[in-house]
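Please read them with the model open.

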Amino acid sequence: MTVAAESPRTTPESLSEEAVSAYRRDGFVHLPGVISRADAARFADAALAARTTVRDHHDGMIFTQLLQLWRHDGTLRELTLNPDLAAIAARLAGIPLRLWHDQLLIKEPRNGAATEFHQDQPYWPHAGSRHALSAWIALVDVPVDRGCMTFIPGSQHLEGLRSQDLSDHTDMFTVAPGLQWEQRVTVPLPAGDCTFHDSRLAHSATPNLTGDPRIAHVIIYVDADLTLAAEPAHPVTDPLGLTAGGPLPDEHFPPFADHAFARRDRAEEGS
């Protein structure tokens, strides 16, 4: 496999208005170099080690999913709580944010299974949410044949849909038939690059046809002021015994808002 060159770096200060506008128009944006290739390799090593130590996980045909790494692994906590990533997310969303949860998504070598088109938001018990988005960070090079992401631009405007089956290639288009005719954009990523996508944007991922695992670290940012809905059930909130209608507690869902907006304000003051 050809090794990609180091991408130019994206920081909260270098994030352009064009990138913000593209995200808000299309529902996703590709940002190069949100972490260095060296850091990506370090986090990838920690991710592979976490497969044997983290108990909150799901092993399936499509991918291995490990949840709440920030609570279990000091190295991956550094990535999940990275203040620069949070500042970028807040700038894209335009509102104060908090962590919903993080997750590692590992596609095993030659798994042969696509992650079919779906939205994220229907899986989450959120009420009054103004915006939510995910940072999908490639910890290894992710070309098309290793399980990269495909998006349907503009589909984030579809609200109120039920959750979709990630293993059924027809299910997204059963609940939203018009999407089958819309443009699709596939985004291969060098290690250290990231896509941010809206929680309602229809997206998928190709199978991993290579001999190496695809390793992606996902940080999900949500409206800092949302409240917990009674449903659907969710493995992050269900064990906590929280009350529907109440706020998300900071100790389990850390807020990023103050730091993120302070970074933006300082940058504007210096311009």
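1. Strand E5 and strand E11 (residues 203–205) pair in the antiparallel sense through 2 bridges. Strands count as paired if DSSP finds at least two bridges between them; strands (E, at least two residues) and helices (H or I, at least four residues) are DSSP runs numbered from the N terminus. Thr115 has Ala205 in E11 as its bridge partner.

2. A word on the source: this is a predicted model, in which local features need pLDDT of at least 70 and side-chain atom pairs count only at pLDDT 80 or more, while totals for chains, interfaces and linings use all residues. Residues are numbered from 1 along each chain as its sequence is written, and side-chain values use heavy atoms, with hydrogens and water left out.

3. E5 and E11 belong to an open sheet of 4 strands, in the order E5-E11-E8-E9 and with antiparallel pairing. Strand E5 (115–118) and strand E9 (185–187) each have a single partner strand and stand at the edges, so one side of each has no neighbour in the sheet. From one strand to the next the twist averages 20°, where axes are lines fitted to C-alpha atoms (for helices over the stretch in contact) and angles run from 0 to 180 degrees between N-to-C directions.

4. Next, strand E4. Of its 11 residues, 11 are buried, buried being under 20% relative accessible area, exposed over 50% and partly exposed in between, with a 1.4 Å probe and protein chains only. Strand E3 (residues 64–67) runs antiparallel to E4 and is joined to E4 by 4 bridges; Leu67 stands opposite Gln103 in E4. E4 and E12 are also antiparallel, with 10 bridges between them, and Gln103 has Val218 as its bridge partner in E12.

5. Strand E10 (residues 194–198) is mostly covered, with 5 of its 5 residues buried. Cys194, Phe196 and Asp198 point one way from E10, Thr195 and His197 point the other way, and all are buried. Strand E1 (residues 28–31) is joined to E10 by 4 bridges in an antiparallel arrangement, with Val29 opposite Phe196. Strand E7 (residues 132–138) is likewise antiparallel to E10, through 5 bridges, and Ile137 has Cys194 as its bridge partner.

6. How many aromatic pairs does the structure hold? There are 4 aromatic pairs; rings of Phe, Tyr and Trp (its six-membered ring) pair if their centres lie within 6.5 Å, and planes under 30 degrees apart count as stacked, over 60 as edge-to-face and the rest as tilted. One of them is the stacked pair of Trp100 and Phe253, at 5.5 Å centre to centre with 15° between the planes. This pair links distant parts of the chain, 153 residues apart: Trp100 is in strand E4 (residues 97–107), and Phe253 is in the loop between strand E13 (227–228) and helix H7 (257–270). Trp100 is buried, with a relative accessible area of 0%, and Phe253 is buried with a relative accessible area of 0%.

7. Tyr221 and Phe256 form an edge-to-face pair, 5.5 Å centre to centre and with 65° between the planes. Tyr221 in strand E12 (residues 214–223) and Phe256 in the loop between E13 and H7 are 35 residues apart, and the pair links distant parts of the chain. Both Tyr221 and Phe256 are buried.

8. Finally, charges over rings (NZ of Lys or CZ of Arg within 6 Å of the ring centre and within 35 degrees of the ring normal). Arg42 lies over the face of Phe43, 4.6 Å from the ring centre. Arg71 has its charged end over the ring of Trp70, at 5.0 Å from the centre.
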